[in-house]
Amino acid sequence: MDKSKAVIGADAKFVGTISNVKSIEIEGTVEADLKAEKLSIGSSGTFIGEVNCDLVVIGGSYDGMMRAGSIWATQTAQIAGEIHYQSLQMDRGAALNCRVVHNWEDQVVAVEDVEPEVEEPTAQTDAEGKAKE
Amino acid sequence: MFEKGKKEDGEEGNASLIDEDMRITGSVTSSGDIILAGVVDGDINCRNLVVENNAILTGSLNTKEAVIAGNVKGDVVSDRVQILETAHFEGDLKCSGIEVEAGAHVAARFNKRRKSK
Amino acid sequence: MESYTTITEGMIMEGKLDAGQSPVLIAGFFKGEINAVEVILDASGMFDGQINATKVELSGNFKGKLTTEELNIGSTASIDGDLKTNSLVIELGAEVSGTIGRKS
């Protein structure tokens, strides 16, 4: 039993607020707003709410407004809502049904201040969402 | 009514035994130890108290240490209380240390208590 | 093996948690309602609210209401509340304030 990793278990459902956590794994269903360094949504996980993170790995369902430095949508990802990213990786099979916004200079504020690297505007993947106007 | 003469602290006295055939109605006071195996309808004031398995106490307890293995209905004021698995306890508990074994029947109201002396 | 729901030390969760079969480990702070099979409140954990469970272990700070089949209060626990349980163990050292009764 590892008590150093924050996890919402596969069978669990939580509605409320989560704060003061660096890294959290969601295997169950969460309706909350989250500000953290790292969020990982497992293949059985569902997260509904506002997210402000440095790094987000989406392997399950997400719906809401997400602002992140780095987003990795794996092949089982299902994303709705809106995601703002600086760096985005999409695996084949990931389903993005959301608005996708690339942020150049936006400082993603998480638990600690992190200086994001300014990246070249090469598109790493084909974003299925609407392009930034 | 049991009454013992004043004892020095730490002195090992003989515990008074209220055996299983005895039934006392009224309060029981001892500056020493009491082992209750019978029935008491009233309050017990003593140093250390053991309420045995089939004993019945209806009344309050004021002790230094109490070990309850029998039936107690009443309020307890004690430094230390041990409630064993055969116990049936109902009442208010005011103590600084409490231990309850699995199997014990407990219906109690707890009040925090500073350790005396 | 069921994955644990873990609230790590320092973490703050407020709201309603229906844990299903997932056991809940609280080493941080939880305020609100928990419905679970098993709840473990670590020595560093703090809880304020209501717990409905089958098995509960309290080693930290508990305030509120608790209904369970099995309750184990450890020596480092500090409890203030209404506890309903069918099986009770309290270790010496625990600070308990409130009421304890049977669940059924």
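Among contacts in chain B of this predicted model between residues at least 6 apart in sequence, 7% join residues at least 24 apart. Chain B contains zero helices and 13 strands.

**Chain B as a whole**

- From the N terminus on, the elements of chain B follow the order β-β-β-β-β-β-β-β-β-β-β-β-β.
- Chain B has 117 residues, and 41% of them count as buried.
- Its accessible surface amounts to about 6300 Å², with 43% of that surface belonging to carbon and sulfur atoms.

**The interface of chain B and chain C**

- In this interface, 15 residues of chain B are in contact with 15 residues of chain C.
- The size of an interface is often expressed as the accessible area lost when the parts come together.
- Between chain B and chain C, the buried area is about 1300 Å², and carbon and sulfur atoms give 57% of it.
- The count of salt bridges between chain B and chain C is zero, while three residue pairs are found in polar contact across the interface, both residues being at pLDDT 80 or more.
- On the side of chain B that touches chain C, strand 12 (88-100) and strand 13 (105-112) of chain B each supply at least two residues.
- Strand 13 of chain B provides the largest share of that side, namely seven residues.
- Sorted by class, the side of chain B that touches chain C comprises seven nonpolar, three polar and five charged residues.

- Tyr62(A) belongs to strand 7 of chain A, which covers residues 61-73.
- With a relative accessible area of 2%, Tyr62(A) counts as buried, because buried means under 20%.
- Beyond its neighbours within four places in sequence, Tyr62(A) is in contact with Ile41(A), Phe47(A), Gly49(A), Glu50(A), Val51(A), Gln78(A), Ile79(A) and Ala80(A).
- One of these residues, Ala80(A), is 18 residues away from Tyr62(A) along the chain, and the C-alpha atoms of the two are separated by 6.1 Å.
- The side chain of Tyr62(A) reaches two backbone atoms: the oxygen of Gly49(A) at 2.5 Å and the nitrogen of Met66(A) at 3.4 Å.

**Salt bridges**

- Over all chains, the structure holds eight salt bridges.
- Side chains of opposite charge can pair when their charged atoms come close.
- In chain A, the side chains of Lys5(A) and Glu25(A) form a salt bridge with an N to O distance of 3.9 Å.
- This pair links distant parts of the chain, 20 residues apart: Lys5(A) is in the segment before strand 1 (6-8) of chain A, and Glu25(A) is in strand 3 (residues 23-26) of chain A.
- Lys5(A) is partly exposed at 43% relative accessibility, and Glu25(A) is likewise partly exposed at 23%.
- In chain B, Arg80(B) and Glu99(B) form a salt bridge whose closest N and O atoms are 3.4 Å apart.
- Another salt bridge in chain B joins Asp92(B) and Arg109(B), with the closest N and O atoms 3.0 Å apart.
- Here too the pair links distant parts of the chain, with Asp92(B) in strand 12 and Arg109(B) in strand 13 of chain B, 17 residues apart.
- Arg109(B) counts as partly exposed, at 48% relative accessibility.

Conventions
Residues are numbered from 1 along each chain as its sequence is written. Chains are lettered from A and ligands numbered from 1 in the order in which they are written. This is a predicted model: local features need pLDDT of at least 70, side-chain atom pairs count only at pLDDT 80 or more; totals for chains, interfaces and linings use all residues. Side-chain values use heavy atoms; hydrogens and water are left out. Helices (H or I, at least four residues) and strands (E, at least two) are DSSP runs, numbered from the N terminus. Buried means under 20% relative accessible area, exposed over 50%, partly exposed in between (1.4 Å probe, protein chains only). Contact means heavy atoms within 4.5 Å. Accessible areas come from the Shrake-Rupley method with a 1.4 Å probe; for residues, only the protein chains shown count as cover. Buried area is the accessible area (1.4 Å probe) that two parts lose on being put together, summed over both. A salt bridge is a side-chain nitrogen of Lys or Arg within 4 Å of a carboxyl oxygen of Asp or Glu. A polar contact is a pair of N or O atoms within 3.5 Å; within protein, one must be able to donate a hydrogen and the other to accept it, and residues adjacent in sequence count only if both atoms are side-chain atoms. Ala, Val, Leu, Ile, Met, Phe, Trp, Tyr, Cys and Pro count as nonpolar, Asp, Glu, Lys and Arg as charged, and the others, Gly among them, as polar.
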